[in-house]
Amino acid sequence: MYGINARQDSGFSVGSGNFVITDLNSLPSESAILGEGWIFVPNIDYSDIDNGSFEYEDYIYVPHADNVSISPSNGWENLGPNATWQNCDGEPVFKLYERDGKHKITALYMSTVHFNTPEATYHLNIPEANGLVVVYCNGVKLGTMWNRVDEWTSSLGFGYGHVPIIPDENGDAKLIIAVSASETLYNPGILGLPSIADAGDSYKFVVVPTLWYAIQVTLFFFLLVGGLLISRTYKHKSSVYLLIIIELFVLAYTFVDCHFITQTSVIREVTKYVTLIIISIFTFLFMNAILRSSSNDGKGTVINKILPAIVTIVGLSFIVIVVFNQDVLGTNFPHITGIVFSIAVYVISIILMISIYNHGGNIIFGSTALTCYVLFFFNVYAIPSGIYDVPSYSFSFIIVNLVVEIYYIVRYVIQSRELEDTNKRMQHLVKEKTQHISEINRDLFNTNKRLMENEAARKNVLSNVSHDLRTPITAIRGYAELLLATGEKMNDTQRKNYLSNIIKRATQMEQIISDIVELTRLESNSNEFQFTDVSISELLDEICMMYESDLEHTKKCLSLSIPDTDPLIVRADPKKISRVFENLISNAINYTFEEAEITVKAWREGDSKDLSSQVVKIDIIDNGIGIPENEIANIFDRFYRAKNSGQNIKGTGIGLSIVKTIIDHHDAQITVESTIGTGTIFHITMKATYN
């Protein structure tokens, strides 16, 4: 396990080179802070201590500074206001050590700590440093910290987050901290206040960050796997991919900054700078992607193409300058450009949200993500401290992870619910459409059936019409040929008889055509009907009187039965409804035997009820030849004639079709009862108009 050296400094400090620790529990924090009272010796390397050419007491013979303060930001570039140089005129010049074309500068931080309880175990923690740090206590090398690679040889070294302090028999611990750094570094030396803590607190500084970063890496992999799975349901997938890249580089920055990845100081600083610039670039691309996806009106189309390119080019230009000209690491250029670039990304993103993408479902999420970005960079540049070796910017990383993962989970759940609801609606619509299609298929089937029936009826009509027309035409032709053949030989009586038959047959043809035309007109044009109040009693009385005169010299009898005081008023077309009764009475006369009784009856039914429930019923009854039971359903079809109608009874087969059409237009009903050899009854029911 390895913990990051970036604990929360308490501010507790000492003012001399000798610091006495009696009881850590009595201190204002869990660790004693060694911020002041150091002795600084330049131009001494850890190799000088290893080969015995320099010991702790030798500092009084070489240039050194007393009362040195540790600077949390500038290393040995700033030794504090109380530092005084000894054995030299002013501040000495740092020597450059060269080997294999590489240059470095070296220095020592020295201090003596006295423990009243030397039997206890204590650890030294250095939260931040630039360079290779080697710690000695009472001449014994305790371990290497921070850089895991030797600045000269680039050989792999082993480093510690904490090193145990071993005091002598008097409880004194003479500390020497040797730092070797590249000449190109802007701020070499110790950058965080060293502290001394007991073994239990040191254990916390190892375990707590280990668990913290395990959680951090776990959350990242949840985002990686979950994001890739969830993004398949998104229309704009780029935002998810960009977010994964950002979080990957944040993890990379953490590993580099906290020395999980072994590097020299120069490579470490370059890598950190490059990583931060890349994070800024991809953060802007991410913000642009989610804001663009939340806007459906096409606003900012040119801007959201040009600005990302500009930001990317500027960021890459800064990276190229630092990578190919590492001398700028000895200046403020990396620090200033990093801050300015981060601020520029933030400001441009805010302007885009306010001026262009000022609406849409991702604005809240974009604002939250941008806030986390600001917190991250603020902690990186301004607050390099942390709690239990956990740097403060990693908290921003966790916040971003949690916010993003919760957002995408919620969005995925919402989309899943929407898809489920949509699926249910689609199933319902499919069911409705299937039912509708079934109904259409059924209608098509019935329509097709009717078309086939109509086709059969058409053929039957053509057959009947051709038969009915052929008969009079044949007769007319025969009479005409006889007249032509006999010429003057035919007497006047025969001639008149033949001509009379020709006229009769022509009239029959005219009647057939007239019936067809009338039926077609009735079926296609409802304007043919002129409705008014009609007395069924009076109408039937007139019709029956007309037919009684035609039956005077026959043995057929026609009788009428109607109320004496009830006119039986209905809403009807007088001419059309008269045609109904005339056709039915005429058929009754034609399809009865020589001695026949035809009865016409009319009466009101439901006269004790409300007028809307009252009806007028008419029956036409005969004792004629009857209709076969299996043919009753077809008698209202065009040109249909029952098989027992007989060849000698003249008719077109259209009369009952006309009757049915007129009855339907009157919103009335007609039914038939018939028995072969007994007779037929036609029942007509019409709505009553007046009492």
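The largest nonpolar core of this predicted model contains 49 residues. Leu-276, Ile-279, Phe-286, Met-287 and Phe-376 have the most contacts inside this core. Seven helices are listed as contributors, each with at least two residues: α2 (199-230), α3 (238-257), α4 (265-294), α5 (303-324), α6 (333-355), α7 (363-381) and α8 (392-486). Helix α4 gives the most, with 14 residues. In soluble globular proteins, nonpolar side chains tend to be buried together.

Phe-376 illustrates the contacts made here. With residues up to four places away in sequence left out, Phe-376 touches Val-250, Tyr-253, Leu-276, Ile-279, Tyr-393 and Ser-396. Two of these partners, Leu-276 and Ile-279, are themselves listed with the most contacts inside the core.

A second core is separate and holds 44 residues. Val-534, Ile-663, Phe-682 and Ile-684 are among them.

The model also contains an open five-stranded sheet. Its strand order is β19-β21-β22-β24-β23, and the pairing is mixed. Strands β19 (557-561) and β23 (669-675) form the edges, each pairing on one side only. From one strand to the next, the twist averages 10°.

Note on methods
Residues are numbered from 1 along each chain as its sequence is written. This is a predicted model: local features need pLDDT of at least 70, side-chain atom pairs count only at pLDDT 80 or more; totals for chains, interfaces and linings use all residues. Side-chain values use heavy atoms; hydrogens and water are left out. Two strands pair if DSSP finds at least two bridges between them. Helices (H or I, at least four residues) and strands (E, at least two) are DSSP runs, numbered from the N terminus. Axes are lines fitted to C-alpha atoms, for helices over the stretch in contact, and angles run from 0 to 180 degrees between N-to-C directions. A nonpolar core is a set of buried Ala, Val, Leu, Ile, Met, Phe, Trp, Tyr and Cys residues joined through side-chain atoms within 4.5 Å. Buried means under 20% relative accessible area, exposed over 50%, partly exposed in between (1.4 Å probe, protein chains only). Contact means heavy atoms within 4.5 Å.
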